[in-house]
Amino acid sequence: MSNLQSIENVNVNIDGIDILVPKGTNIIEAAAQANIEIPHYCYHPKLSISGNCRMCLVEMGMAMKDRTTGQSIFEDDGTQKVAWIPRPAIACGTQASAGMYIKTKSELAKSCQEGVMEFLLINHPLDCPICDQAGECRLQEFATDYGRGYSRFVENKNVKPKRTILGPRVVLDDERCILCSRCVRFCQEVIKDDVLGFVDRGSYSTLTSYPGKQLDNNYSLNTVDICPVGALTDSDFRFKMRVWFLKRTKSICTESSVGVNTEVWSREGEIYRITPRRNDEVNDTWMADSGRDIYKQVTADNRLRKAKSNGVSIAFDEAHIRFTEIFPMGKTAYVGSSHMSVEEQFIFKKLIQENPGPIFWVNNKGEGDGLLISSDRSPNLRGAFITGLINELPKDNLDGLLELMNSGEIQNIVVYHQDITQYGISPALLKRHNVLYLGTHFNKTSDVARVAIPTLTVFEKSGTFINQQFRLQKFAQAVPGPVGLMPDINTLTRLISILRKESEIASSLPLIWSEMNMQIDQFKGLSFESLPDSGVLLDASAFDKINFPEVQSLHFKPNSAILAK
Amino acid sequence: MATEERRMILEHIDQPGYDNSIDCYIKHGGYEVLKKAILRKPEELCQEVVNSQLRGRGGAGFSAGMKWGFLDRKSGKPVYLICNADESEPGTFKDRQIIYKDPHQLIEGMMITAYATQTKLAFIYIRGEMYDGARILEHAVEEARAKGFIGENICGSSYSCDIIIYRGAGAYICGEETGLIESLEGKRPYPRIKPPYFPAILGLYQSPTVVNNVETLCHVKFIAEMGGAEFAKIGTPNNTGTRVWCVSGDVQKPGYYEFPCGAITLGQLIYEVCGGLNPGRTLKAVIPGGSSAKVLRAGERYQGKLKDGTEFDWTLDDIPLDFDSVSACGSMSGSGAVIVMDDSRDMVQVLGNINSFYAHESCGQCTPCREGSLWMKKITARMADGDAREQDADLLLSIAKQIEGRTICAFGEACAWPTMSFVSKFKEEFSEKAAQQKSTQHPLV
């Protein structure tokens, strides 16, 4: 923070509005602060300045000052006299400095915008109705806002390759490409996998991958996101749905503890794609390709849609009753999950209090990529610490549980989400115990469960996760869950209320939060509704001693929790 | 005014018995200036160049002394010197003469420049098509290195600097200094955005870099030899030294001719030096400084005031050949390529030819030039093909205006100016094309 304070703020006048910005801010960003749109294609806030599209040309001037006295010179009407530069300047490459004047709507600026729009369109196919980008195309939008509205081009358009397979997930239509080089710069600068480039010259320039190479890294779909036109398309999503039919829901990627902010695009209860949502502290504007596939679990064949008892479908109410019948009988062990939301973990702890027993946790270790996938492949391990379910890192196995099972010390096991047969516990051994399973999908553990209660995926409910930085982030329900299914918090509270023979206890997110911020120090003053989209960094000092497994990634340093203090 | 050449740069070139070996160069007094210059203080030499008022010969005519003065000395980064030998402006063939026939003159000029600017390493970026030129330069550099004029401890001094010959891959844009630098770094020659990438601050490998034309560097030798003040006496104030004019087109004796700046007029160059037009032909137009310079039409009158306040009233023939006078007439002396056209030329075809060059050579980085240059080519090609429309002339002007001043590099102007000048000065020819079009109605109108 001390860094930021040392940067001098300067006043820039854009279209007559004085804007105070840190010196060096580029004019596109400065204008955005005053809600002035400067159209642009090649500029991207997270990539280097290329200055090639020329769409952001503006008129620039400097306040006139008397050379000898340094006094400002004024017009007759008392306004500052400005020395306007006759040559337009690119807003993206112009850095704010004191006394700068910018016109984005002057005759010159308008003529530049019209000119560039016309040039971009002359060789671009004007077949928007059949283009997949329609509805989210900057070319389409700016053509309407800044273009002439008619074409003066009567020559033949250039012909370039169509439907080029750039990689396993990206398809390129070169005719639509406006050569802004965003994708090229992304590959060079962000993922350091320099596979894209231009061949040929002038208007015949063509985007392609290097001979013998493919755009096949796990971040390739970001090029589709940042492509301002319909040139790069997602082979999974292309031509499946018009974007204006899709509803956008803010969500969090559950692929790893990075907690990438996402947007889930759905229509009529069906998810069509997931794209990254900008969070400068977490994922900038990027996300991994693998995280975009997670929505497919919603409709997966092994989805648990009905409650089961010993493998037979039963009604939900009956499942709840049976659960509460078995649960108090004998000693119970618990296997929790870092895939549960903070709220679910909080209520789960309450359930445990009904029949206290040892709590086990599986770790979801995987390989980190140093960018946006961490080695903890679960979204909410930190939540389990904060809610007090665990106080040390989960082990690689469940040997503790195995011991208890073999010694006959426990009779019941409540398992949330996880398939514990993968952690060294045989189905045969499980069968000899009363397994009470809550989860989204069936697996070898749910198969042998006395009662299996289906729960909702992250896309079908709302809640919060705590990522590797101890950043509390919320996600919202994008689509309804399978018929009859309740959100996990409601399922858990119902189980508790049946056990207590009480009428239903608090089960809405606001109510849980008002309870949580009284009981959990780190949540003091927070509420679900007021939690900003960018999340809130929690006080992690209580967990300083814990050696979390994640290594450095885009916006995470292993000791950042300690530094944050 | 005399029409006798004053050959400085070209003094030995084409003389019987003169070859491009180092022995021949030394026999004619070569490398003596370097030997003396290396004993002087570098700042002194830089000051001589400032005093000489030498202007760059590559096209823009920017003050060489000032360019060197911009070098960022505070960064602590090494300084590089690049000789721009990517001579590719259509109509220009002066650097080629120096490289092929007197390479040591360039090397001597370069080493003096390198010493004056305290360059760590120097490069000659030579146009890819000049294969033999690169071989000749490589050989010459080896010869000079063997004799201690290049490399460690030049002429026994404590100063060391080497020259590396680098061949381009055949693109006009590599003549643009930041495009050249990108190419030299092994990338596509996309010109850089300025600010912040001014070569003198963030040039080759993000270090301060001087980029000078071949002829400019050769002049440095003469400045070191005779002193800046003496050099400035050649030519006219602010237009000092000699220039090599490359004359091509419809004259009887095309070729390269060296004169002090302002010593002769365009008319003298065409009619006296180059033997005039072909029999029976009249002058129609002249491009005075390479294909990107605006065309001058025979019969035009140029009136106005020069920078020093003197009023002028010239016909095409009266224009003195220097930097400022040609600029005052609305064009530029550019790279010194004078292209002469007589009345047999169809201006639409000429422009079509120029436009097809620029459409082919546009690097494709920024939108206006990339799309505009090809569009203008397509229009002029269609017009020349007999399918012109009445509105095409105005459309061409409008496209050119949409390019000029809005691009990353000066290529935008280079491709816009021919169209702007040809169409506005020969509008009737463009209109006539529309009148005699093949089809009575354009299918798309």
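1. Two residues are taken to be in contact if their C-beta atoms, placed from the backbone, lie within 7 Å. By this criterion Gly65(B) touches Cys46(B), Val49(B), Val50(B) and Leu54(B), not counting residues up to four places away in sequence. The model under review is predicted: local features need pLDDT of at least 70, side-chain atom pairs count only at pLDDT 80 or more, and totals for chains, interfaces and linings use all residues. Residues are numbered from 1 along each chain as its sequence is written, while chains are lettered from A and ligands numbered from 1 in the order in which they are written.

2. Confidence. The complex receives from the predictor an ipTM of 0.94 and a pTM of 0.94. For chain B the mean pLDDT (the predictor's confidence in each residue, from 0 to 100) is 95, and 98% of the residues of chain B reach 70 or more.

3. Surroundings of Gly65(B). This residue lies in helix 4 (residues 64-69) of chain B; helices (H or I, at least four residues) and strands (E, at least two) are DSSP runs, numbered from the N terminus. Gly65(B) counts as buried because it has 20 C-beta neighbours inside 10 Å. The scale calls a residue buried if 20 or more other C-beta atoms lie within 10 Å of its own, exposed if 12 or fewer, and partly exposed in between, with C-beta atoms placed from the backbone. Between Gly65(B) and Cys174(B) there are 109 residues in sequence and 23 Å in space, C-alpha to C-alpha.

4. Helix 5 of chain B. This helix (residues 94-101) is mostly covered, with 6 of its 8 residues buried. The buried residues are Lys94(B), Asp95(B), Arg96(B), Gln97(B), Ile98(B) and Ile99(B). Their cover includes strand 1 (80-85), strand 7 (242-249) and strand 8 (255-260) of chain B, together with helix 6 (103-117), helix 7 (131-146) and helix 10 (214-226) of chain B.

5. Domains of chain B. An automatic or database domain assignment supplies the bounds: domain 1 (22-233), domain 2 (239-342) and domain 3 (347-435). The centres of domain 2 and domain 3 of chain B, taken over C-alpha atoms, are separated by 23 Å. Their contact takes 7 residues from domain 2 of chain B and 11 residues from domain 3 of chain B. On the domain 2 side there are 3 nonpolar, 2 polar and 2 charged residues. In this classification Ala, Val, Leu, Ile, Met, Phe, Trp, Tyr, Cys and Pro count as nonpolar, Asp, Glu, Lys and Arg as charged, and the others, Gly among them, as polar.

6. Contact between the chains. Chain B contributes 28 residues and chain A 26 residues. On the chain B side, helix 14 (347-361), helix 15 (367-384) and helix 16 (392-403) each supply at least two residues. Helix 15 of chain B gives the most, with 11 residues. The side of chain B that touches chain A divides into 12 nonpolar, 10 polar and 6 charged residues.

7. Chain A overall. Its secondary structure comes to 15 helices and 24 strands, and buried residues make up 47% of the 565 residues in chain A. The C-alpha atoms of chain A fill a box of roughly 90 × 60 × 40 Å, taken along the principal axes.

8. A sheet in chain A. An open sheet is formed by 3 strands in the order 22-23-24, with antiparallel pairing; two strands pair if DSSP finds at least two bridges between them. Strand 22 (463-466) and strand 24 (536-537) of chain A stand at the edges, each with a single partner strand, so one side of each is left without a neighbour in the sheet. Strand 22 and strand 23 (residues 471-475) of chain A pair over 4 bridges, and Phe465(A) stands opposite Gln473(A) in strand 23 of chain A.
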